[in-house]
Amino acid sequence: MDHTKTYYSETRDTPNDSIIIEGPLPSSELKKYYFHEHLTAFRPAPKQFEAILSIADFTEGRIIVARTEDTIVGYVTYLHPDPLERWSKFNMEDLIELGAVEVIPAYRGAKIASGLLELSMMDDYMENYIVISTEYYWHWDLDETRLSVWDYRKVMEKMMAAGGLLPAPTDDPEIISHPANCLMVRIGKNVPEESIERFDKLRFLQRHQHRNMREGI
């Protein structure tokens with residue numbers, strides 16, 4: 001699989017100023033900008049920027065950013081699932097994960113996160129992928145937003161829908177451990193039926209494993 005990446009860019013006006021949303025960007029371009037110190041949802045900003053630079057240079061990796069003239073204020077990442085996760089079990093080249101989406105507090109409510117996802121899907125090559133996002137309520141910024149778990153999930157689902165990702169059932173133990181958790185999925189129109197069938201097995205891996213055990217496979 002070639003993992004072809006086509007660059008897109010657009011400008012969005014916010015109550016603060018104009019924001020450029022662009023990508024996918026390689027690390028060489030990302031290094032030209034300052035990574036905002038408030039991008040700390042996953043780890044300290046310098047460490048997160050290092051992680052993003054690494055992802056940008058993966059063959060399948062995609063980084064879309066929102067920035068002012070010289071400062072990254074939001075981003076979304078796409079890459080193959082972590083080798084330790086169930087979603088990497090079948091080594092599917094056409095399965096990628098929306099690993100992180102983050103916008104600094106000053107720009108929340110300005111639909112920047114939705115814009116990041118919308119621009120991500122402008123690239124026709126995304127139609128060759130099954131895109132997933134695993135959503136766990138313990139990762140959500142409930143304190144900063146002051147939203148309940150269920151209100152936050154509504155906001156999250158609306159944001160993900162901007163990129164075409166919708167909730168999908170699964171028997172993944174971590175996801176079903178709490179009713180607010182969910183698997184979000186977008187299946188590109190060029191994904192072959194064989195890949196969709198393999199992905200369905202991944203979604204209900206426990207069911208298939210138990211069936212195989214019963215049948216002595």
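User: Which helices and strands each supply at least two residues of the lining of the largest pocket?
Analyst: Bear in mind that this is a predicted model. The helices are H2 (45-56), H3, H4 and H5 (149-161). The strands are S5 (71-79), S6 (95-103) and S7 (130-135).

User: Which one gives the most?
Analyst: S6, with seven residues.

User: What volume does the largest pocket have?
Analyst: About 1,600 Å³. It is lined by 50 residues, and the closest to its centre are Phe42, Val101, Glu102, Tyr152 and Met159.

User: How does that lining divide into nonpolar, polar and charged?
Analyst: There are 26 nonpolar residues, 13 polar and 11 charged.

User: Which residues line the largest cavity?
Analyst: Thr6, Tyr8, Gly23, Pro24, Arg62, Ile64, Leu119, Ser120 and Asp123. Strand S4 (62-67) and helix H3 (112-120) each supply at least two of the lining residues.

User: Switching to Glu144. Where does Glu144 lie?
Analyst: In helix H4, residues 142-145.

User: Why does Glu144 count as partly exposed?
Analyst: Because its relative accessible area is 47%. Buried would need under 20%, and exposed over 50%.

User: What is Glu144 in contact with, leaving aside neighbours within four places in sequence?
Analyst: Pro105 and Arg108.

User: And how far apart are Glu144 and Ile64?
Analyst: They are 24 Å apart in space, C-alpha to C-alpha. In sequence, 80 residues separate them.

User: Last topic, the packing. Which members of the largest nonpolar core touch the most other members?
Analyst: Leu30, Tyr78, Leu116 and Val131, out of 49 residues in that core. Strands S2 (18-23), S4, S5, S6 and S9 (182-187) each supply at least two residues of this core, as do helices H2, H3 and H5. There is also a second, separate core of 14 residues, including Trp87, Met92, Ala168 and Ile175.

User: Back to Leu116. What is Leu116 in contact with, again leaving aside neighbours within four places?
Analyst: Ile21, Ile64, Val65, Ala66, Gly74, Tyr75, Val76, Val101, Glu102 and Val103. Among these, Ile64 also lines the largest cavity. Val101 and Glu102 are among the residues closest to the centre of the largest pocket.

Technical notes:
Residues are numbered from 1 along each chain as its sequence is written. This is a predicted model: local features need pLDDT of at least 70, side-chain atom pairs count only at pLDDT 80 or more; totals for chains, interfaces and linings use all residues. Side-chain values use heavy atoms; hydrogens and water are left out. Helices (H or I, at least four residues) and strands (E, at least two) are DSSP runs, numbered from the N terminus. Buried means under 20% relative accessible area, exposed over 50%, partly exposed in between (1.4 Å probe, protein chains only). Contact means heavy atoms within 4.5 Å. On a 1 Å grid over the protein atoms alone, a cavity is a set of points where a 1.4 Å probe fits but cannot get out, and a pocket is an open set with protein on both sides within 12 Å along at least five of seven lines; lining residues have an atom within 4 Å of a point. Grid points are joined across faces, edges and corners, and a volume is the space filled by probe spheres set on the points. Ala, Val, Leu, Ile, Met, Phe, Trp, Tyr, Cys and Pro count as nonpolar, Asp, Glu, Lys and Arg as charged, and the others, Gly among them, as polar. A nonpolar core is a set of buried Ala, Val, Leu, Ile, Met, Phe, Trp, Tyr and Cys residues joined through side-chain atoms within 4.5 Å.
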